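The following exercises ask the reader to work through a structure step by step. Please examine the sequence and the model before reading each solution.

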Amino acid sequence: MGSQIDQRMVLLLLVGSGATYAAFEYPSFGTALLVGVGLMTLLHHLMKDQ
């Protein structure tokens, strides 16, 4: 296991941290974010088999 973090992981951590902060500050944004993530996960699973 390498000791270096690649750029994609850093980007995902920054975006995830920003989204978490926004969800705590603005609950309606948090609800919309949850629905969006759920929908994207469902589409990913449905399209993975094709």
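**Exercises with solutions**

L39 is found in helix α2. The model is predicted: local features need pLDDT of at least 70, side-chain atom pairs count only at pLDDT 80 or more, and totals for chains, interfaces and linings use all residues. Residues are numbered from 1 along each chain as its sequence is written, and side-chain values use heavy atoms, with hydrogens and water left out.

**Exercise 1.** Determine how many helices and strands the protein has, and how spread out the protein is.

*Solution.* Step one: the secondary structure comprises 2 helices and 0 strands (DSSP runs numbered from the N terminus, helices being H or I of at least four residues and strands E of at least two). Step two: the radius of gyration, taken over C-alpha atoms, is 14 Å, well over the 10 Å that the globule rule gives for 50 residues, so the protein is more spread out than a compact globule. The rule is 2.2 Å times the number of residues to the power 0.38. Step three: the C-alpha trace spans about 40 × 35 × 15 Å along its principal axes.

**Exercise 2.** Classify L34, L39 and S17 as buried, partly exposed or exposed.

*Solution.* Step one: L34, placed in helix α2 (residues 27-48), has 64% relative accessibility and therefore counts as exposed. Step two: L39 has a relative accessible area of 52%, so L39 is exposed. Step three: S17, in helix α1 (residues 7-25), is partly exposed at 48%.

**Exercise 3.** State the C-alpha separation of S17 and M47.

*Solution.* The two residues are 30 residues apart along the chain, and their C-alpha atoms are separated by 28 Å.

Technical notes. Buried means under 20% relative accessible area, exposed over 50%, partly exposed in between (1.4 Å probe, protein chains only).
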